[in-house]
Amino acid sequence: MFERFTEGARATVTGAVVHAERARAESVTEEHLLLSLLDQEGSRSSFALAVLGLSDRRASVEAALGEARRRGGLTKADTDALAGIGIDVTEIVARVEGVHGEGVLAGARGNRRWWSGRRPFTAGAKGILEKSLRVALGRRDRFIGEEHLLLALTACPGVAADVLAEHGATYATVERALYGDGEQGRAQAS
């Protein structure tokens with residue numbers, strides 16, 4: 001599959017590993033893929049992110065990702081479902097942090113062992129890479145580019161998709177930004 005990745009898509013995956021290393025995370029997550037996409041310049045995905053205003057709101061995206069980490073990685077749908085049965089996640093997080101320290105549900109990243117090998121990708125991150133292949137094949141593209149990774153991030157349920165949607169980047173809006181409203185838009189984006 002990786003032989004189909006464009007140079008930009010490979011740079012995105014490599015950048016995700018760098019983000020994981022900086023965060024001292026044990027593995028590469030969907031969040032790291034999203035942050036790496038936000039780093040890209042001059043690509044189709046960076047164009048779509050700029051059109052949707054995410055390039056100018058990176059701090060907001062990072063804050064939303066941090067807040068999800070603080071909740072232990074619960075998505076908005078998870079939080080809403082728990083609220084529906086009377087469980088206030090915000091209150092639980094506050095109580096746990098009051099006893100064990102701020103950010104404890106995000107994981108103790110500083111105490112993790114350091115290794116020289118490659119960081120593994122989480123099942124969710126692997127799912128994004130697989131979904132990007134399906135997105136590319138569905139569009140009849142012969143390659144997998146950063147734009148396919150971005151579309152996959154919006155299509156796969158999880159924290160990254162929630163944060164993107166909160167910032168106006170759904171599958172439909174990203175697809176419209178990339179390809180317009182049909183084949184004419186697809187030709188323009190190529």
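The protein has 11 helices and zero strands. Helices and strands here are DSSP runs, numbered from the N terminus, where a helix (H or I) needs at least four residues and a strand (E) at least two. Read from the N terminus on, the order of elements is α-α-α-α-α-α-α-α-α-α-α.

Before the details, some ground rules. This is a predicted model, in which local features need pLDDT of at least 70 and side-chain atom pairs count only at pLDDT 80 or more, while totals for chains, interfaces and linings use all residues. Residues are numbered from 1 along each chain as its sequence is written, and side-chain values use heavy atoms, with hydrogens and water left out.

Let me start with burial. Of the 190 residues in the protein, 41% are buried. Buried means under 20% relative accessible area, exposed means over 50%, and partly exposed is in between, with a 1.4 Å probe and protein chains only.

Now the loop between H7 and H8. Helix H7 covers 123-138 and helix H8 covers 146-155, and Asp 141 is in the loop between them. Is Asp 141 buried or exposed? Asp 141 counts as buried because its relative accessible area is 11%. Its side chain makes a polar contact of 2.7 Å with the side chain of His 148. A polar contact is a pair of N or O atoms within 3.5 Å; within protein, one must be able to donate a hydrogen and the other to accept it, and residues adjacent in sequence count only if both atoms are side-chain atoms.

Arg 140 lies in that loop between H7 and H8 too. Arg 140 counts as exposed, because its relative accessibility is 76%. Its phi is positive, near 65°, and Arg 140 is not a glycine. Most residues other than glycine have a negative phi. Arg 24 also has a positive phi, of about 55°, although it is not a glycine. Arg 24 is found in the loop between helix H1 (7-22) and helix H2 (30-39), and it is partly exposed because its relative accessibility is 40%.

On to helix H8, which holds Leu 150. Leu 150 is buried because its relative accessible area is 0%. From C-alpha to C-alpha, Leu 150 and Ala 161 are 9.6 Å apart in space, and they are 11 residues apart in sequence.

Next, helix H10, residues 171-179. Its buried residues are Thr 173, Val 174, Ala 177, Leu 178 and Tyr 179. The charged end of Arg 139 sits over the ring of Tyr 179, 3.4 Å from the ring centre. For a charge to sit over a ring, NZ of Lys or CZ of Arg must be within 6 Å of the ring centre and within 35 degrees of the ring normal. After H10 comes Gly 180, with a positive phi near 75°.

Last, a pocket. Which residues line the second largest pocket? They are Val 13, Thr 14, Val 17, Arg 118, Arg 119 and Phe 121. On a 1 Å grid over the protein atoms alone, a pocket is an open set of points where a 1.4 Å probe fits, with protein on both sides within 12 Å along at least five of seven lines, and lining residues have an atom within 4 Å of a point.
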